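Please open the structure in your viewer and keep the selection tool at hand. The stops below are meant to be taken in order.

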Amino acid sequence: MKLYFIINPVAGNGFGLKIWKKIENLLIQQNISFSALYTKFAGHASLLAEEIAKRNKQAVAVVAVGGDGTIHEVVQGANRYEHVSVGYIPAGSGNDFSRGFAIPKKPLQAAKQLIGLLDRKHFPKFDIGLFQNKKFDRGTFVNNFGCGFDAAISMKVNRSRLKRILNRLALGKFVYVCYLLQQLFLYKPSKVTIQIDEKSYEFEKVWLVTVSNQPYYGGGMKIAPSASLSDGKLDVICVHNISRMKILFLFITVFWGGHIKMKEVSVLTGKRIRISPARALPQHADGEFAGYGPVSLAVKPRGIAVLTEDSAEDFGA
Ligand SMILES: Nc1ncnc2c1ncn2[C@@H]1O[C@H](COP(=O)(O)OP(=O)(O)OP(=O)(O)O)[C@@H](O)[C@H]1O
């Protein structure tokens, strides 16, 4: 099996590149042949993964070295090709993919796990999410999709100069707290209709709707504690009719999944989902800006093969 690495040198504020140098040495020491490609712009990992898929007719592994945005793009580019499996070396700031897919959080340990799996013929397959809106005809997500308050925060963070400054001071997470507090005062909740399979639900004063493929989100928050990568379903969490103060409380309890007991949090599951907000809410897919407005989502059961342990199949359920 041919082995490719797609490296996002700017992930984790330059951590991606540093980590890659160590992993490259490890691969050379162990006489493992591989190709390494560096991303040059946002969205490039998707194009590279698809090029690799088209160029190789035999089984090939494409490993993302970066954060959730990088593995998101690799899966976006690779998921339509049966002969492509994906791997992940966590080098970003959040790394929820490693939490959900049972990949070690330490990059060198993740690399060792990956090396140990290379001689296998088959890798476990996991569900992924698909979405369609005005911006994307067939977008994918591996962790979660969100619209509303959380997408507004991640849009602000990603466009922020403050993020780059604070990242340099190793205070990257603080920037999320700053924009969370800002949006807490500025965000205007709105009415949202959610259609899940054959049922329709109307929620007033909605702050956010997330659609999860796995439990973890936003750097370790357990937003959808029951989401499973192998159940052929997506978990929908809708936060509505909640006071601004209680939102803060929610963002504390979400770290252990306690928020789902709150009366303002509705938990639903299904295979096909349509979210129709009364006003065009921002959206993200795995933390990457994904558009505005109504969106249709569906699960693609066992949609991607991942270089991880077989036991990861039961992870998160
Ligand atoms: N060469 C590049 N220059 C600028 N941006 C890039 C480049 N390569 C990739 N990107 C973009 O960098 C962004 C961040 O990548 P990624 O999410 O992997 O890292 P992170 O934000 O540090 O980690 P996490 O999402 O886990 O918090 C993504 O939107 C990706 O498209």
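What follows is a tour that names a selection at each stop and says what is there.

**Before you start**

The model is predicted: local features need pLDDT of at least 70, side-chain atom pairs count only at pLDDT 80 or more, and totals for chains, interfaces and linings use all residues. Residue numbers start from 1 along each chain as its sequence is written.

**Stop 1: the two domains**

Select residues 2-123 for domain 1 and 132-302 for domain 2. These bounds come from an automatic or database domain assignment. Taken over C-alpha atoms, the centres of domain 1 and domain 2 are 26 Å apart.

Now look at where the domains touch. Here 14 residues of domain 1 are in contact with 20 residues of domain 2; contact requires that the C-beta atoms of two residues, placed from the backbone, lie within 7 Å. On the domain 1 side, α3 and α4 (96-100) each supply at least two residues. Helix α3 gives the most to this side, with six residues. Helices (H or I, at least four residues) and strands (E, at least two) are DSSP runs, numbered from the N terminus.

By class, the side of domain 1 that touches domain 2 holds three nonpolar, eight polar and three charged residues. In this scheme Ala, Val, Leu, Ile, Met, Phe, Trp, Tyr, Cys and Pro count as nonpolar, Asp, Glu, Lys and Arg as charged, and the others, Gly among them, as polar.

**Stop 2: the ligand**

Select the ligand and the residues around it. A residue is near a molecule if its C-beta atom, placed from the backbone, lies within 6 Å of it. Which residues come nearest to the ligand? Of the 23 residues around it, they are A42, G67, G69, G92 and G94. The shell divides into five nonpolar, 14 polar and four charged residues. Helix α3 (residues 68-78) provides the largest share of the shell, four residues.

**Stop 3: G69**

Pick G69, which lies in helix α3. Is G69 buried or exposed? G69 is buried, because 25 other C-beta atoms lie within 10 Å. A residue is buried if 20 or more other C-beta atoms lie within 10 Å of its own, exposed if 12 or fewer, and partly exposed in between, with C-beta atoms placed from the backbone.

Leaving aside neighbours within four places in sequence, G69 is in contact with G92, D286, G287 and E288. Then draw a distance from G69 to F141: their C-alpha atoms are separated by 9.9 Å, although the two residues are 72 residues apart along the chain.

**Stop 4: the nonpolar core**

Select I6, V62, V63, V65, V74 and V86, the residues with the most contacts inside the largest nonpolar core, which has 86 residues. A nonpolar core is a set of buried Ala, Val, Leu, Ile, Met, Phe, Trp, Tyr and Cys residues joined through C-beta atoms within 7 Å. At least three residues of this core come from each of domain 1 and domain 2. In soluble globular proteins, nonpolar side chains tend to be buried together.

Centre on V86. Apart from neighbours within four places in sequence, V86 is in contact with V62, A64, V74, V75, A78, I304, V306 and L307.

**Stop 5: strand β7**

Select residues 144-148, strand β7, where five of five residues are buried. Two strands pair if DSSP finds at least two bridges between them. Five bridges join β7 to strand β9 (residues 199-212), and the two run antiparallel; C147 stands opposite V209 in β9. Strand β15 (residues 282-285) is also antiparallel to β7, joined by three bridges. In β15, H284 is the bridge partner of G146.

**Stop 6: two positive phi values**

Most residues other than glycine have a negative phi. Select K205 in strand β9: its phi is positive, near 45 degrees. K205 counts as partly exposed because it has 14 C-beta neighbours inside 10 Å.

Next select A102, in the loop between α4 and α5. A102 has a positive phi of about 55 degrees although it is not a glycine. With 19 other C-beta atoms within 10 Å, A102 is partly exposed.

**Stop 7**

Select K22 in helix α1 (residues 15-29). K22 is partly exposed, with 13 C-beta neighbours inside 10 Å. From K22 to A298, 276 residues apart along the chain, the C-alpha separation is 38 Å.

End at L108 in helix α5 (residues 107-117). L108 is partly exposed, with 13 other C-beta atoms within 10 Å.
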